[in-house]
Amino acid sequence: MTHRRTSRHRRTRTLTAVAIAIAGLVTPGAPGALAAAATAAPCTPGATYGPPLPAQSVSAQLIRGGFNFLEGPTWDQRTGTLLLSHMQNPSGPQGVQPSSVLRYTPPATFETFIADSGSNGLAVTPDGTRLLAATHDNRTLSSYSLADRSRATVAANYLGRAFNSPNDVTIGQDGTTYFTDPNFQRGNRADEQGGRTGVFRVRDGVVSLVDDTLRQPNGIVLSPDGRTLYVGATSSNAIMKYTVFPDGSTGNRTTFASMRTPDGATVDCAGNLYWASYDEGLVHVFSPSGARLGTVSAGRNSTNAAFGGPDGRTLFITSGIAGGGFGLYQTRLNVPGNPY
């Protein structure tokens, strides 16, 4: 999600870093109407979808501006609200960016949902009970209960070494989680990754390395069937594609597409990708084959996008100018979005 844009923005040695398992991260077959509502998805298995954009070039409308810096939008189907990170300028001797989670209730209500969340990228778990957050405040992947907002650690480190500044996160239906770790929000804290920026996986409480050769990996998203992982390499102006195997491991990396400064991303039910270009202020739309389908424009410096709304067809975009000129935008599209 975020790349360098404001003012340049207990070690444990083991063979494999073990995360703190979060009970209830995935709750298959949870009973009750609430659970059914939380897991209901706009995507219909086997459905055929038409063109995703009503025109090759679409303009999004501003919902509200005046924010310092917005990132990580994700839709909470349980409450019909959008959660997003509101980041402030770096502060303190370590140069860390404070942030909070805002909650937007359509059509016009914004409130602080989690103060001092330390978050950037966000994702709601498939069972609708927890909010996963790439948290740069303590350089971990965190989990917040959507019921009481309590925080827990999902991934503390890799091989006993602190991450740089976890940035974006995506989660599969089985709970396997992938996140990026550039150094954009590391600030003045020590580099424990030896100059490398990487992509990591968390499965059954174990943290594994996906790739540590990408220059500033940023946005990350899974295909609707969970068989493909996409990662934006911001400093290389490229989107990478990985095959995902049934056990969550990855292989066969290829270049999916080239574009300027790829930031955050989302995917629709047909597998089309929507990738924000920070420098261009555009969201580029690609088919699963990599064909360019068009663009959605918002304010300058687009950081991320997410689908939401009752039918999953509203695309929300975070975009603007850091320091008070950021806003949340929206537009209606033809194909509903994948909720995770």
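Reply: The model is a predicted one, and the count of aromatic pairs in it comes to 12. One of them is formed by Trp75 and Phe316: the ring centres are 5.8 Å apart and the planes stand at 10°, under the limit of 30 degrees, so this pair is stacked. The two residues come from distant parts of the chain, with Trp75 in strand β3 (residues 70–76) and Phe316 in strand β24 (residues 314–321), 241 residues apart. Trp75 has 10% relative accessibility and therefore counts as buried. Phe316 counts as buried too, at 2%.

A second pair has another geometry. The rings of Phe256 and Phe286 also have their centres 5.8 Å apart, but their planes meet at 70°, so the pair is edge-to-face. Phe256 belongs to strand β18 and Phe286 to strand β21 (residues 282–286), so the contact ties together parts that are 30 residues apart in sequence. Both Phe256 and Phe286 are buried.

Trp75 and Phe316 are also members of one aromatic cluster, together with Phe67, Tyr104 and Phe110.

Strand β24, which holds Phe316, is part of an open sheet of four strands in the order β2-β25-β24-β23, with antiparallel pairing. The edges of this sheet are β2 (61–67) and β23 (302–308), each of which pairs on one side only. From one strand to the next, the twist averages 20°. Within the sheet, β2 and strand β25 (residues 325–332) are joined in the antiparallel sense by four bridges, and Arg64 stands opposite Leu328 in β25.

Strand β18 (residues 250–258), the strand of Phe256, pairs with strand β17 (residues 238–244) in the antiparallel sense over six bridges. Here Met240 stands opposite Thr255 in β18. The hairpin of β17 and β18 has five residues between the strands, and Gly248 takes a positive phi near 90° in this hairpin.

Another salt bridge links the side chains of Arg78 and Asp76, at 3.4 Å from N to O. Asp76 is buried, with a relative accessible area of 3%, whereas Arg78 counts as partly exposed at 29%. Asp191 and Arg186 meet in a salt bridge as well, at 3.7 Å from N to O. In that pair Arg186 is buried, with a relative accessible area of 16%, while Asp191 is partly exposed at 35%. Asp311, Arg313 and Arg332 are linked in a network of salt bridges.

Methods:
Residues are numbered from 1 along each chain as its sequence is written. This is a predicted model: local features need pLDDT of at least 70, side-chain atom pairs count only at pLDDT 80 or more; totals for chains, interfaces and linings use all residues. Side-chain values use heavy atoms; hydrogens and water are left out. Two strands pair if DSSP finds at least two bridges between them. Axes are lines fitted to C-alpha atoms, for helices over the stretch in contact, and angles run from 0 to 180 degrees between N-to-C directions. Rings of Phe, Tyr and Trp (its six-membered ring) pair if their centres lie within 6.5 Å; planes under 30 degrees apart count as stacked, over 60 as edge-to-face and the rest as tilted. Buried means under 20% relative accessible area, exposed over 50%, partly exposed in between (1.4 Å probe, protein chains only). A salt bridge is a side-chain nitrogen of Lys or Arg within 4 Å of a carboxyl oxygen of Asp or Glu.
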